[in-house]
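Let's take a walk through this protein together. Have the sequence and the 3D view open, and follow along as we go.

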Amino acid sequence: MTNVIHNFNAGPSILPAEVFEEASRAILNFNNTGLSILELGHRTKTFQAVMDEAIALVKELMRLDDNHEVMFLHGGASTQFFQIPLNILGENDLAAYTDTGVWASKAIKEAKLFGHVEVVCSSKNEGYTYLPKDFTIPKTAKYLHITTNNTIYGTQWQDLDFFYRSGVPIVADMSSDVLSRDIDFNKFDVIYAGAQKNAGAAGVTIAIVNKELLGKLDRQIPTMLDYRNHIQNGSMLNTPPVFAVYVAMLTLRWLKSMGGVKEIEKINNRKANLLYHTIDSLDVFRGTVMKEDRSKMNVCFVAINEQLEKEFINECQKEGMVGVKGHRSVGGFRISLYNALPYESVEAITDLMKDFAQRKS
Ligand SMILES: *Cc1c(COP(=O)(O)O)cnc(C)c1O
């Protein structure tokens, strides 16, 4: 590798350089134990300290109250699609779901296995390029499920008050924007996020549950899927994904050292503003999402024709800018601006965009 790589991948995605350095040292010799983190027993004091710190950092960075339990689980965010209704949705209960993208619709499909589901809004007819507004949320719903940031389409709920006011417990898939903005996390009864987008390496999922919702059903829940067992055992019910938890812990430590969620949000805003401003000011590019719903994590746009699209992708490749291509289902470009992406990377790609536009006009 010679040149600087700018990594705009949507997930797994960029992590802080410090995290890579520390994690690679830990593979050779973890905390001067003479052992690799990969050969360390998960029941050792040394690893227990890692898990404890990871859980404590999530609580601290999100300012969670004592009702909210933090778990590090296996199975990805996709397992949460069914683990949540399995634990909290009775077969005669109703759950409200917002259909704002492929991930949301996968969550809907799984919930239907366990109870009644009402899809309260959908933007599918418009290719998920906006977020529906002013729909009704049934008061009788056991919970309302939202996807706070739709990774594939580049939409993100900016006004969460609408959901807070519903009075219905909120369950949120925050896989691609967790810890990226300063919101009141205690307003949510369940939060889940695959770590590989904004919080660490692939292999572990952060799940946060208001414990008051648990233990209310008479359903039999398999041991490994019952949240109460994971809480009681401090996310060590079985062998946890030791290395992934460690990398998540390092990433959380880094976030704390950056000043936490409030400070990272300021940087994230600057990055998103620069990129959207550049898209809007150049004739060759066009944003694909309704402006008020634009995501600050995944920025989706197209070039005005296919030829230019191909050319720009090629130029990105030459300049060491990776992960610029849109999701295979939507095409165009998608630039992910997760916490660890430096402002300089956004400057680099916007400079290239401006230069490209000048040459092509
Ligand atoms: C990536 C993603 C998922 C799927 O995550 P896995 O950990 O691969 O199961 C779910 N929801 C959203 C919003 C995502 O971005």
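Predicted model: local features only at pLDDT ≥ 70, side-chain atom pairs only at ≥ 80, totals over all residues.

Residues are numbered from 1 along each chain as its sequence is written, and side-chain values use heavy atoms, leaving out hydrogens and water.

Strand 12 covers residues 298-303, and three bridges join it to strand 11, with the two running antiparallel. Helices (H or I, at least four residues) and strands (E, at least two) are DSSP runs, numbered from the N terminus, and two strands pair if DSSP finds at least two bridges between them. So what order do the strands of this open sheet have? The three strands go 11-12-14, with antiparallel pairing. At the edges you'll find strand 11 (285-287) and strand 14 (333-336), each pairing on one side only. On average, neighbouring strands here are turned by 35° against each other, direction ignored.

Helix 9 (residues 260-281) packs on this sheet and touches strand 11, strand 12 and strand 14. The helix direction makes about 15° with that of strand 12. Here, contact means heavy atoms within 4.5 Å, and axes are lines fitted to C-alpha atoms (for helices over the stretch in contact), with angles running from 0 to 180 degrees between N-to-C directions.

## Rings that meet

The structure holds 18 aromatic pairs. Rings of Phe, Tyr and Trp (its six-membered ring) pair if their centres lie within 6.5 Å; planes under 30 degrees apart count as stacked, over 60 as edge-to-face and the rest as tilted. Here are two of the pairs:

| Pair | Centre to centre | Angle between planes | Type |
|---|---|---|---|
| Phe 135 and Phe 162 | 5.1 Å | 80° | edge-to-face |
| Phe 285 and Phe 312 | 5.1 Å | 70° | edge-to-face |

Why does the pair of Phe 285 and Phe 312 tie together parts that are 27 residues apart in sequence? Because Phe 285 lies in strand 11 and Phe 312 in helix 10 (residues 306-318). Both Phe 285 and Phe 312 are buried, as are both Phe 135 and Phe 162. (Buried means under 20% relative accessible area, exposed over 50%, partly exposed in between, using a 1.4 Å probe and protein chains only.) Ring pairs also link Phe 285, Phe 301, Phe 312, Phe 333 and Phe 356 into a cluster.

Arg 270 has its charged end over the ring of Tyr 343, 4.1 Å from the centre, while the charged end of Lys 187 sits over the ring of Tyr 164, 5.5 Å from its centre. To count, NZ of Lys or CZ of Arg must be within 6 Å of the ring centre and within 35 degrees of the ring normal.

## Inside the cores

The largest nonpolar core has 62 residues, and among those with the most contacts inside it are Phe 72, Ile 146 and Tyr 246. A nonpolar core is a set of buried Ala, Val, Leu, Ile, Met, Phe, Trp, Tyr and Cys residues joined through side-chain atoms within 4.5 Å. Helix 8 (residues 242-257) gives this core its largest share, 11 residues. A second, separate core of 32 residues includes Ile 14, Tyr 276, Met 321 and Ile 335.
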